[in-house]
Amino acid sequence: MIYYDRVSKIYADNSIALEDVSFSVEPGEFISIVGHSGAGKTTLVKMLLAEERPTTGSVFFESINVHELPLSKMNDLRRKIGTVFQDFRLLPNKTAYENVAFAMEAAGRAEAEIRSDVPHVLELVDLSEKANNFPDELSGGEQQRVAIARAIVNQPDVIIADEPTGNLDPVNTFEVVQILKKINDLGTTIILTTHNKGVIDSLKKRVITMDKGRVSRDDKEGKYIL
Amino acid sequence: MNWLTIKRIFRAGMLDFWRNAFVSAASTLVMTVTLFVVGMAIFGGVVLGSAIQSFRDKADVNVYFVPGAAEDQILSLEKSLQALPEVATVQYVSADDALTNFREAHQNDQLTLQALDELGTNPLGAVLNIKAKDISQYDAIGQFLQNQETVSTGQPSIIDKINYFDVQHRAALDRIQQITAMAQFVGKIFIAILILVTLLICFNTMRLAIYTSRDEIQVQRLVGASAFFIRAPFMVEGVLYGLVAGVVTLLLFYPLTWWMGNATSAFFGGINVFSYYMAHFGQFFLIIVGTGVVLGGVASFLAVRRYLKI
């Protein structure tokens, strides 16, 4: 489904972010990418969204070379991928409801669909009560749950969660991971990058370990080993 | 693009305009200043033009006829002058009228009047006072009059003198032309620079307003929104800034021109800016509001572009 083919990223100052990275992700997998800060985890997931371009190599999503897509077709690809960021990145002038609805509006979904799906997804992340609150009126955990609701509302094939628990306390971390597991159980592929040893060890899913821009381990049912 | 998308774009633009109240107010204020300058430039141009025109109107050419010249000959010359495309008006002052005017002009100068009485006859000839449509056309009229003078060879010419061929008169005409052309040129340059500078300031303000939303634009892009779906609400917002600023500017001009109206007509002669504003309100509305709307839309379009490149 997703295939990284000998991907390298070298910046102008010759610093290497990724070096000859190859791996594939099957549909329905839950894969965690771990590694120290600067190991290249975020660069790796940004490549799939075409937020970053590889210096050499290619990234394929369902046999499409992501970086050969014209800018005008990029939105179609991105609608198939839900994204959750460490710093939430909600739209500050929209309420929780509107933030989730935005993803559906951007995809051109009908009003009736939005009216039925958004409350449903907000309920799934346990935020029905806060639907009309703006991001600055929500706690970090609540904001991250809105971000997850926004990522899943279009029923994407893949969810990328880039350090989603990085800014959260243990209770909120646990909740977010539970939600991601639930989404994965429903058949959505999840790519999670994290620093959190507890999260990885409790998941008992595939773990890719990155070190200095290279894949150092790829374990079927891995643990957090650095 | 369908109706639903258009509806969403307008709703998003208007909501952002309202919720980003501070940024909206600041941008609208700068836009108002810009449109105010544009409006003032128009008024400035009109007042300057009218002042220059009234100055230019002071230029004329007089044809003095010999005393006792036959009136029908003068009137036929007047007719042929009026037929010239360059001529705006021709005023005929008969010999008797010239004498009356002379007496009025010298009513306090008893010596001159006594000398006139001594003569017994009217020493003055009739006069044709000619005004051209434009100051540059006196040359053609002068040529025409000179030809008239030479045509009548064989019999004594009825034309005594054409003041266009006086060195002093000509120099004065040239001066008027030079000064007014210079004033027009400098005025135009000044107005153009003023408008350009304020337009740049306005563009920059819009860029800064959208700079504050750059992260938002990126997130929208990563969530799968098309470039158009992201950009269009910003353009709606920009158009709203222009619309509000345009209306505010037009409202500001109402008391301002009323207050300046009498002063401008007294000082520059001729034009009253308030009555001009009222008479041309439709055009002002189109120019001011139109400039605001186009400026807002185009500035937003350009400012968003750089953040859409992901």
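Analyst: Let us begin with Met104(A), which lies in helix H3 of chain A. Helices (H or I, at least four residues) and strands (E, at least two) are DSSP runs, numbered from the N terminus. This is a predicted model: local features need pLDDT of at least 70, side-chain atom pairs count only at pLDDT 80 or more, and totals for chains, interfaces and linings use all residues. Residues are numbered from 1 along each chain as its sequence is written, and chains are lettered from A and ligands numbered from 1 in the order in which they are written.

User: Is Met104(A) buried or exposed?

Analyst: Met104(A) is buried, with 23 other C-beta atoms within 10 Å. A residue is buried if 20 or more other C-beta atoms lie within 10 Å of its own, exposed if 12 or fewer, and partly exposed in between, with C-beta atoms placed from the backbone.

User: Which residues does Met104(A) touch?

Analyst: Leaving aside residues up to four places away in sequence, Met104(A) touches Arg109(A), Glu113(A), Ile114(A), Asp117(A), Val153(A) and Asn154(A). Two residues are in contact if their C-beta atoms, placed from the backbone, lie within 7 Å.

User: Now the contact between the chains. How many residues does each chain give?

Analyst: Chain A gives 17 residues and chain B gives 15 residues. On the side of chain A that touches chain B, helix H2 (74-79) and helix H3 (96-106) of chain A each supply at least two residues. H3(A) gives the most to that side, with four residues. By class, the side of chain A that touches chain B has seven nonpolar, four polar and six charged residues. Here Ala, Val, Leu, Ile, Met, Phe, Trp, Tyr, Cys and Pro count as nonpolar, Asp, Glu, Lys and Arg as charged, and the others, Gly among them, as polar.

User: What about chain A as a whole: how many helices and strands?

Analyst: Chain A has seven helices and 10 strands. Its radius of gyration is 17 Å, close to the 17 Å that the globule rule gives for 226 residues, so chain A is as compact as a globular protein of that length. The radius is taken over C-alpha atoms, and the rule is 2.2 Å times the number of residues to the power 0.38. Of the 226 residues of chain A, 47% count as buried.

User: Which strand of chain A is largely enclosed?

Analyst: Strand S8 (residues 189-194) of chain A is one: six of its six residues are buried, so it is largely enclosed by the rest of the structure. Thr189(A), Ile191(A) and Thr193(A) are buried on one side of S8(A), and Ile190(A), Leu192(A) and Thr194(A) on the other.

User: How does S8(A) pair, parallel or antiparallel?

Analyst: Strand S7 (residues 158-162) of chain A pairs with S8(A) in the parallel sense over five bridges, and Asp162(A) stands opposite Thr193(A). Strand S3 (residues 30-34) of chain A also runs parallel to S8(A), joined by five bridges; there Val34(A) has Thr194(A) as its bridge partner. Two strands pair if DSSP finds at least two bridges between them.

User: Switching to chain B, at what angle do H2(B) and H11(B) pack?

Analyst: Helix H2 (residues 21-56) and helix H11 (residues 281-305) of chain B pack at an angle of about 145°, with their axes 10 Å apart. Axes are lines fitted to C-alpha atoms, for helices over the stretch in contact, and angles run from 0 to 180 degrees between N-to-C directions.

User: Which residues meet there?

Analyst: Met31(B), Leu35(B), Val38(B), Gly39(B) and Ile42(B) in H2(B) meet residues of H11(B) including Phe284(B), Ile287(B) and Gly292(B).
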